[in-house]
Amino acid sequence: MKPVINPKYTSLRPFVEQLATPGFFDSNGTLLHAGRNTIRAFDYNGVKLAVKRYGHLTLFNRFIYGRLRKSKAERTYLHARRLRQAGIDTPEEVAYLEIRRHLLLDTSYFVSLCSPYSSAQTLTDLRSDAKAKLPAHDALAAFLHRIHSAGILHKDLNITNILYHDDGDRHYSFQLIDINRMQFCKRLSIRQKLRNLRQLSCPAPAFLYLLDRYAEIDHSDINTIQLRGVAMRLLFDAWQRTRHRMKAFLKKL
């Protein structure tokens, strides 16, 4: 067992170590998400925590993450700290825990403070109250541009991995989540920026509006940004559909 605790939260070490107890994670807390990875919310001595358990690994990946590469939990912990140092908000990292068996990674957990923010996905449906939602889109475009200006690429920039908070006075704050796959660069080209934005997976009207606002903030030609952005998204969507069909086909074999 290898727990690493944020010095600010050393008092939470007993909770983090308890995650290694068989059955503890599955039988306690509140389920927030169940899929390839599982997220549960816990309340420990009045501190609200979100714990992500990364999914079962193949034998090959158990060796790779156990001996050669940082685990997803460790990368998430390190990326959270680096993001906030760059002025990009994300739920504060509390700890990560790795459990190894015979030098192979068996399970890993990432622990953060539980965010009160909501999914930005709820903002991107412009079919109703479109005018009222536009200030939120303006703020979201500015947030995305700020990420890129810091040389940061979120490798899974799906709209569901962005959280937001509205203080009630049209002042919006955002957080990034699911941050184990990140790239930190000195400077990003416009191609890199658009390839990243194409992953947003929001409805077309919202995507076009975000491209428009992003181009204006970036002092780039709006028509060029929209044309290239839409073309990249269409190619990305086509590849995603093909990949899903391939996976479904292979499962039937």
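**Helix contacts, then sheets**

A: Start with α6 and α7: I190, K193, L194 and L197 in α6 meet F207, L211, Y214 and D218 in α7. Keep in mind that this is a predicted model.

Q: What classes of residue make up the contact of α6 with α7?

A: Six are nonpolar and two are charged. No polar residues take part in that contact.

Q: Where do the two helices sit in the chain, and at how many degrees do the axes cross?

A: Helix α6 covers residues 190-197, and helix α7 covers residues 204-218. Their axes come within 12 Å and cross at roughly 155 degrees. Angles over 145 degrees count as roughly antiparallel. That is why α6 and α7 are described as roughly antiparallel to each other.

Q: Right-handed or left-handed crossing?

A: Right-handed, as α6 passes α7.

Q: OK, sheets. What's the strand order in the open sheet of six?

A: The order is β1-β5-β6-β4-β3-β2, and the pairing is antiparallel.

Q: Which strands are at the edges there?

A: β1 and β2, the latter at 30-34. Each of them pairs on one side only.

Q: And the twist, what does it average?

A: It averages 20 degrees from one strand to the next.

Q: Which helix packs on that sheet, and which strands does it touch?

A: α4 does, touching β1, β5 and β6 (104-113). The direction of α4 makes about 160 degrees with that of β5.

Q: Zoom in on β3 and β4. How many bridges join them?

A: Seven. Strand β3 is residues 38-44, strand β4 is residues 47-53, and the two run antiparallel. Within this pair, A41 stands opposite A50 in β4.

Q: Now the open sheet of three strands. What's the order?

A: β7-β9-β10, again with antiparallel pairing. β7 (118-119) and β10 (172-176) are the edge strands with a single partner each, so one side of each has no neighbour in the sheet.

Q: Which helix packs on this one?

A: Helix α5, residues 130-149. It touches β9 and β10, and its direction makes about 45 degrees with that of β10.

Q: Which residue in the hairpin of β9 and β10 takes a positive phi?

A: G168, with phi near 95 degrees. The hairpin has five residues between the strands.

Q: Switching topic: how many salt bridges does the count come to?

A: Twelve. One example joins the side chains of E92 and K8, at 3.2 Å, N to O.

Q: Where do E92 and K8 sit?

A: In distant parts of the chain, 84 residues apart. E92 is in the loop between α4 (72-85) and β5 (93-101). K8 is in the loop between β1 (2-5) and α1 (13-18).

Notes. Residues are numbered from 1 along each chain as its sequence is written. This is a predicted model: local features need pLDDT of at least 70, side-chain atom pairs count only at pLDDT 80 or more; totals for chains, interfaces and linings use all residues. Side-chain values use heavy atoms; hydrogens and water are left out. Two strands pair if DSSP finds at least two bridges between them. Helices (H or I, at least four residues) and strands (E, at least two) are DSSP runs, numbered from the N terminus. Contact means heavy atoms within 4.5 Å. Axes are lines fitted to C-alpha atoms, for helices over the stretch in contact, and angles run from 0 to 180 degrees between N-to-C directions. Angles under 35 degrees count as roughly parallel, over 145 as roughly antiparallel, 65 to 115 as roughly perpendicular and the rest as oblique. A crossing is left-handed if the near helix is turned anticlockwise from the far one by less than a right angle, and right-handed if clockwise. Ala, Val, Leu, Ile, Met, Phe, Trp, Tyr, Cys and Pro count as nonpolar, Asp, Glu, Lys and Arg as charged, and the others, Gly among them, as polar. A salt bridge is a side-chain nitrogen of Lys or Arg within 4 Å of a carboxyl oxygen of Asp or Glu.
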